[in-house]
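Work through the exercises below with the sequence and the structure in view. Try each task before reading its solution.

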Amino acid sequence: MAAINVSPLFTSSSSLRTFSSYAPQNTPTLSLYSRFAPSLSFPSFSLRPPISTKTRSLIIASAVKNLSEVEPIPVPATPEEFAAKFPSDAGVYAVFDQNDELQFIGISRNIASSLFSHKTSVPELCCSVKVGVVNEADRTALTQAWKSWMEEHIEATGKVPPGNESGNTTWVRQPPKKKADLRLTPGRHVQLTVPLEELIDKLVKQNKVVAFIKGSRSAPMCGFSQRVIAILENQGVDYESVDVLDEEYNCGLRETLKQYSNWPTFPQVFVNGELVGGCDILTSMYEKGELAGLLKN
């Protein structure tokens with residue numbers, strides 16, 4: 001890769017734009033470590049309020065300890081060791097592979113949590129880490145600390161760490177892909193060989209949880225359906241969803257389902273082949289802690 005010429009940090013708007021393609025994404029955090037306090041000393045970036053935003057940025061930049069001056073820490077294997085070695089504070093961190101090559105510079109509200117997530121997802125790239133805690137950390141402070149380390153690395157090597165290159169998603173947790181909604185028929189113009197009510201009966205009895213909603217699970221078409229999907233997602237349950245508004249592949253479903261369940265409105269949620277109810281009932285069970293037990297049975 002050709003060398004990248006970076007202007008002195010924060011001296012002009014052009015030097016800020018230099019980093020726009022490599023801005024860190026929100027790194028994942030796990031509440032597992034929120035109760036642990038750091039057991040080691042880490043370089044700290046302190047601020048002395050009150051100061052203006054512009055002056056504050058300059059102080060942050062000048063207070064950041066050089067990346068090259070921070071001692072690397074071997075990455076442990078277990079969550080307990082992570083809690084002992086790394087702080088749950090906010091800060092900046094740099095991850096190195098087994099060849100001591102810098103792979104990624106990131107920021108996090110919980111350093112230990114983010115590092116554990118990286119170790120879990122890309123263990124082959126996480127062999128040692130340099131950490132700097134940012135005191136009084138807000139978004140500006142964290143970003144400025146990150147930029148300081150990033151500029152130092154670019155000036156020393158002429159390149160951006162692989163994990164910070166534009167388009168690289170190795171170090172960013174991707175949202176899980178949502179399951180596709182089920183279709184009960186091959187199309188509205190295809191003659192069914194099995195009555196629609198029988199298809200509904202088979203569906204709810206062969207799947208633990210089925211939610212008949214307005215719209216898809218990715219894009220619910222009413223607030224009640226959206227609420228039901230949110231509750232099921234929160235419970236972490238594997239469920240099937242059916243769009244009752246899909247007249248192409250679920251033609252006639254709304255009226256047939258009303259007769260089948262003897263329930264006049266949507267959404268409708270079935271668990272173990274039995275109708276639980278709609279949004280109000282599901283919400284009430286969720287708030288009382290009853291839903292989790294039902295879904296486990």
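The exercises go from the whole chain to single residues.

The model is predicted, so local features need pLDDT of at least 70 and side-chain atom pairs count only at pLDDT 80 or more, while totals for chains, interfaces and linings use all residues. Residues are numbered from 1 along each chain as its sequence is written, and side-chain values use heavy atoms, with hydrogens and water left out.

**Exercise 1. The whole chain**

Task: State how many helices and strands the protein has, and what percentage of its residues is buried.

Solution. Step one: helices (H or I, at least four residues) and strands (E, at least two) are DSSP runs, numbered from the N terminus. The protein has 10 helices and nine strands. Step two: a residue is buried under 20% relative accessible area, exposed over 50%, and partly exposed in between (1.4 Å probe, protein chains only). Of the 297 residues, 44% are buried. Step three: accessible areas come from the Shrake-Rupley method with a 1.4 Å probe, and for residues only the protein chains shown count as cover. The protein exposes about 15,700 Å², and carbon and sulfur atoms supply 50% of this area. Step four: contact means heavy atoms within 4.5 Å. Among contacts between residues at least 6 apart in sequence, 68% join residues at least 24 apart.

**Exercise 2. A hairpin**

Task: Describe how strands E3 and E4 pair, and find the residue with a positive phi in their hairpin.

Solution. Step one: two strands pair if DSSP finds at least two bridges between them. Strand E3 (residues 91–96) and E4 are joined by six bridges in the antiparallel sense. Val92 stands opposite Ile107 in E4. Step two: look at the cover of E4, residues 102–108, where seven of seven residues are buried. Step three: five residues lie between the two strands of the hairpin, and Asp100 has a positive phi near 60 degrees. Asp100 is in the loop between E3 and E4 and counts as exposed, at 59% relative accessibility. Most residues other than glycine have a negative phi, and most peptide bonds are trans.

**Exercise 3. Two packed helices**

Task: Give the distance and angle between the axes of H7 and H9, then name residues that meet.

Solution. Step one: axes are lines fitted to C-alpha atoms, for helices over the stretch in contact, and angles run from 0 to 180 degrees between N-to-C directions. The axes of helix H7 (residues 223–235) and helix H9 (residues 279–288) come within 9 Å and cross at roughly 30 degrees. Step two: from H7, Phe224, Arg227, Val228, Ile231, Asn234 and Gln235 meet Cys279, Leu282, Thr283, Tyr286 and Glu287 of H9. Step three: sort these residues by class. Ala, Val, Leu, Ile, Met, Phe, Trp, Tyr, Cys and Pro count as nonpolar, Asp, Glu, Lys and Arg as charged, and the others, Gly among them, as polar. The contact of H7 with H9 has six nonpolar, three polar and two charged residues.

**Exercise 4. A sheet of four strands**

Task: Give the strand order of the open sheet of four strands, and identify its edge strands.

Solution. Step one: the order is E7-E6-E8-E9, with mixed pairing. Step two: strand E7 (240–243) and strand E9 (274–277) are the edges, as each pairs on one side only. Step three: strand E8 (residues 268–271) runs antiparallel to E9, with three bridges joining them. Phe270 stands opposite Leu275 in E9. Step four: helix H6 (residues 196–206) packs on the sheet and touches strand E6 (209–213), E7 and E8, and its direction makes about 135 degrees with that of E6.

**Exercise 5. Single residues**

Task: Decide whether Leu67 is buried or exposed, and state which bond at Pro267 is cis.

Solution. Step one: Leu67 is in the loop between helix H2 (53–63) and strand E2 (73–74). Leu67 counts as buried because its relative accessibility is 6%. Step two: leaving out residues up to four places away in sequence, Leu67 touches several residues, including Ala94, Leu102, Ile105 and Trp149. Step three: the peptide bond from Phe266 to Pro267 is cis, with omega near 10 degrees. Pro267 is in the loop between helix H8 (253–261) and E8.
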